[in-house]
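Subject: The structure, and what turned up in it

Hi,

Here is the structure I promised to hand over. Have a look at it first, and then read on for what was found.

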Amino acid sequence: MKTIRIGSGAGYAGDRLEPSLELIEKGNLDYISYECLAERTIAIGQQAKLKDPSKGYNGLLEHRMEKALPLCWKHKVKLITNMGSANPQAAAQKCVEIARRHGLTGMKIACVTGDDLLPVINKYMDAEVWETHEPLSKLPGEIVSANAYMGVEGILKALEQGADVVITGRVADPAIFMAPAIHAFGWSLEDWDKLGKGTMMGHLLECGGQVTGGYFAEPGKKDVPGLGHLGFPIVEISEDGSFFVTKIPESGGMVTVETCSEQIVYEIHDPENYLTPDVVADFKQVKFTEVEKDKVKVEGASGKPRTETFKCSIGYKDCFIGDGEISYGGPGCVARGRLALDIIKERLELVAPGVFDELKFDLIGCNSLYWNPDFKYNEEPSEVRVRVSGRAKARADAELIGNEVEALYTNGPAGGCGAVKRTRDIVSVASILVSRCDVKPEVEIFEV
């Protein structure tokens with residue numbers, strides 16, 4: 001039975017580069033896919049594209065492709081990535097430049113577009129926003145992006161045209177891993193059972209080192225060897241949709257029933273109805289079996305017909321967040337930290353009453369992660385870090401927070417040190433459903 005090998009090149013935009021290069025060199029791969037796009041990332045990319053039409057793709061694209069493209073060409077590995085973000089065309093053209101510089105004559109680089117629905121977003125102003133349960137027209141802030149989660153269709157068109165590199169914008173995470181299997185085996189786009197299996201395969205690969213033990217590790221409870229040189233996963237998949245998860249033997253980490261079990265439930269709301277653009281996957285009967293060290297057989301996924309709607313991620317200019325931090329150490333540091341917070345609360349009420357949509361006052365190491373203002377300080381730590389943050393509609397108001405924290409140097413409790421402050425403009429994300437009919441994947445091929 002025919003099989004192919006697909007590697008995970010990245011689990012997020014800033015992921016390590018060397019594990020993917022190791023996969024290309026030693027993994028006997030047919031394909032490698034770099035999953036580098038989050039909801040907020042593409043909205044930020046749209047802002048960058050508005051300022052400079054040649055930008056908008058992932059900022060690490062050049063760093064990754066400078067190393068990956070020559071290796072892929074040498075080892076005959078096809079590369080797929082969503083690093084095109086808000087500007088797949090510019091990303092593809094940049095890859096052409098890199099390929100030419102390395103003499104990769106004959107390489108075909110494709111960009112997939114069609115996910116950008118900003119030009120038609122006005123027709124969806126009555127659509128319900130998932131997060132607010134109100135119409136999109138009532139979203140508080142200027143909409144800067146609207147990107148539908150496409151499926152495999154555009155990637156398949158690119159592969160059918162002989163693309164060696166495929167760069168997309170917003171597609172569903174599993175799609176960049178499942179498309180190679182559909183292309184290689186000729187699966188029907190209505191074979192829901194195989195598409196369900198392919199989605200499970202993509203879901204296990206999409207987070208990179210999570211499934212090889214990275215996010216799994218917990219000392220003394222779930223020990224993982226070699227985390228300093230953690231390897232990324234490989235899937236070996238057959239025509240019938242059966243597959244194994246494994247990794248390069250000499251790389252760090254591990255692939256076990258337990259690591260796969262944790263990854264399969266990651267970001268899954270309903271395992272029996274995992275909605276994707278290509279299929280409604282059913283993971284309820286998934287079974288993992290360790291067949292040898294670092295090799296797990298995966299069975300039991302299936303699927304049901306896809307929906308007629310796509311999720312669309314809306315990016316909008318929401319607010320500004322200002323924050324400031326300062327540290328206190330030694331005897332009495334918690335009491336001084338709490339006094340510092342009391343001072344900032346009073347100061348903000350004096351200089352900016354009623355301007356903040358939200359304020360948060362933390363003692364990092366005591367109550368910051370769990371938002372517990374009633375934490376009982378039974379044991380005195382040797383140091384604490386004060387952090388104050390808040391949301392405001394105007395940048396000038398948000399900047400007041402950091403300024404007031406910094407002023408504790410001379411106006412607050414004794415011994416403050418290491419103060420920092422910053423103000424960020426925040427692009428928030430909302431979600432709506434759009435018609436499949438409005439999403440038309442298109443492909444453009446560039447030949448080196």
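E9 and strand E10 (residues 280-282) run antiparallel and are joined by two bridges, and Tyr 274 has Ala 281 in E10 as its bridge partner.

Before going further, please keep in mind that this is a predicted model: local features need pLDDT of at least 70 and side-chain atom pairs count only at pLDDT 80 or more, while totals for chains, interfaces and linings use all residues. Residues are numbered from 1 along each chain as its sequence is written, and side-chain values use heavy atoms, with hydrogens and water left out.

There is also an open sheet of 10 strands, with mixed pairing and the order E11-E12-E8-E7-E1-E2-E3-E6-E4-E18. Strand E11 (287-292) and strand E18 (442-447) stand at its edges with a single partner strand each, so one side of each has no neighbour in the sheet. On average, neighbouring strands here are turned by 20° against each other, direction ignored. Within this sheet, strand E1 (residues 3-10) pairs with strand E2 (residues 31-34) in the parallel sense over four bridges, and Gly 7 stands opposite Ile 32 in E2.

Now for the helix pairs. H7 packs against helix H8 (residues 257-264) at an angle of about 105°, with axes 9 Å apart. H7 and H8 are therefore roughly perpendicular to each other (angles under 35 degrees count as roughly parallel, over 145 as roughly antiparallel, 65 to 115 as roughly perpendicular and the rest as oblique). Met 200, His 203 and Leu 204 in H7 meet Cys 260, Gln 263 and Ile 264 in H8.

Helices H5 (residues 153-160) and H6 (residues 175-185) have axes that come within 9 Å and cross at roughly 45°, which makes H5 oblique to H6.

Helices H9 (residues 333-351) and H10 (residues 395-406) pack at about 135°, their axes 10 Å apart, and that makes H9 oblique to H10. From H9, the contact takes Ile 344, Arg 347, Leu 348 and Val 351; from H10, Leu 400, Ile 401, Glu 404 and Val 405.

Finally, the domains: domain 1 covers 3-114 + 150-307 and domain 2 covers 314-431, with bounds from an automatic or database domain assignment. Their centres, taken over C-alpha atoms, are 39 Å apart. Four residues from domain 1 and six residues from domain 2 make the contact.

Best wishes

Key: Pairing = 2+ DSSP bridges. Axes fitted to C-alpha atoms, helices over the stretch in contact; angles between N-to-C directions. Contact = heavy atoms within 4.5 Å.
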